[in-house]
Amino acid sequence: MKYLVTGGAGYIGSHTALALLAAGAEVVILDNLTTGHLSLVPRGVPFYRGDVGDAGLLQEIFHQHRIDGVLHFAAKSLVGESMVAPGHYFLANTGQTTALLQAMAEAGVRRFVFSSTAAVYGEPDQVPIPEDHPVRPTNPYGLSKHLIEAMLPWFARVHGLKWIALRYFNVAGADPEGRSGEQHDPETHLIPNVLQVAQGKREYLSLFGDDYATPDGTCIRDYIHVSDLADAHVLALQALAAGHPSGFYNLGNGLGFSVLQVVERARQVTGHPIPLRIEPRRPGDPAVLVASNARAMAELGWRPRYADLSVIIETAWRWQSRK
Ligand code: UDP
């Protein structure tokens, strides 16, 4: 099987490319390198530099390679940025993905694994959040992804697309073999920022809000190791190939950690005191996001290998402290 991985030079896409190669698949990568890095593209993999909305380039790729399916990671993914530049999010995440789906339909490529997000749920009524929880995003990022989720059944009905949308919770950690890891500039995510303090690259952690309705007042998230997330993509493709119906799956560990708990765990892992400064809430942040992962376990046979938060932080720490 040969798969096109958009965003394969990025954090999650590169880990999934490694998982696909390990499973014996062939991989082709498309990435415009705005946030990706050529150094994260696995050796020997055909690489195309360009946008996922570039119909001509997609046509060329589908012509040059017999692609069995597309895994679509290329996207903008920062809640805070989406609150100040919503149009960029709708253009990049919704507009360009629509162009990709159209190009797939024209080329007869019928399998699609979509990187969606827990941000589609907004403020949940219940945690852990099941997939049939109402969808009402509180930020443009979540909506830009949900709009694609809403289109997928139409591409299925009219063009025979088989799809799985994976709703990621908070992805963190790095390849345990050290081949890839998180490398954003500027970095905005909690775990790498905390580790930058431990490395001496930041003086303190800015903690965004300690007045949420949670036990310690800080936001609660469900952290999932990037290699476990990558494994789920391989399983999703295998399920589609076996005729499994299209649908939505949460990917998280089903465990919530507050920002303060993450900082405390990182202090244990790094031995650094990691000072913090309480700052105002970051607009668009829901108080609590924790996944029910029962569906992914039952239907895809997914089993996380690195669910322990300490292991997630340790692998990230090893990657961040590499020379
Ligand atoms: N956060 C924080 N300081 C930081 C980065 C993040 O306090 O430097 C908080 C953020 O407000 C949220 C949680 O950590 O409550 C996780 O944020 P992140 O950006 O890692 O992921 P998100 O949940 O936005 O996808």
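This is a predicted model: local features need pLDDT of at least 70, side-chain atom pairs count only at pLDDT 80 or more; totals for chains, interfaces and linings use all residues.
Which residues of helix 1 are buried?

## Helix 1

The buried residues of helix 1 are Y11, I12, G13, S14, H15, T16, A17, L18, A19 and L20, so that 10 of the 12 residues in this mostly covered helix count as buried, a residue being called buried if 20 or more other C-beta atoms lie within 10 Å of its own. Among the elements that cover these buried residues are strand 1 (2–6), strand 2 (26–31), strand 5 (111–117) and helix 7 (226–241).

The length of helix 1 (residues 11–22) can also be checked, because 12 residues at 1.5 Å a residue should span 16 Å, and the C-alpha atoms at its ends are 17 Å apart, which agrees. Just after the helix, G24 takes a positive phi of about 90 degrees.

Three strands, in the order 12-9-14, form an open sheet whose pairing is mixed. Strand 12 (257–258) and strand 14 (288–289) stand at the edges with a single partner strand each, and therefore one side of each has no neighbour in the sheet.

Strand 9 (residues 220–221) and strand 14 run parallel and are joined by two bridges, and within strand 14 it is V288 that is the bridge partner of I220.

## Around the ligand

The ligand is surrounded by 15 residues, of which H189, L190, N193, F208 and C219 are the closest. Helix 6 (190–199) and strand 8 (205–208) are the elements that give two or more residues to this shell, and strand 8 provides the largest share, four residues. Sorted by class, the shell holds seven nonpolar, five polar and three charged residues.

Definitions and conventions. Residues are numbered from 1 along each chain as its sequence is written. The expected span of a helix is 1.5 Å times one less than its number of residues. Two residues are in contact if their C-beta atoms, placed from the backbone, lie within 7 Å. Two strands pair if DSSP finds at least two bridges between them. A residue is near a molecule or strand if its C-beta atom, placed from the backbone, lies within 6 Å of it. Ala, Val, Leu, Ile, Met, Phe, Trp, Tyr, Cys and Pro count as nonpolar, Asp, Glu, Lys and Arg as charged, and the others, Gly among them, as polar.
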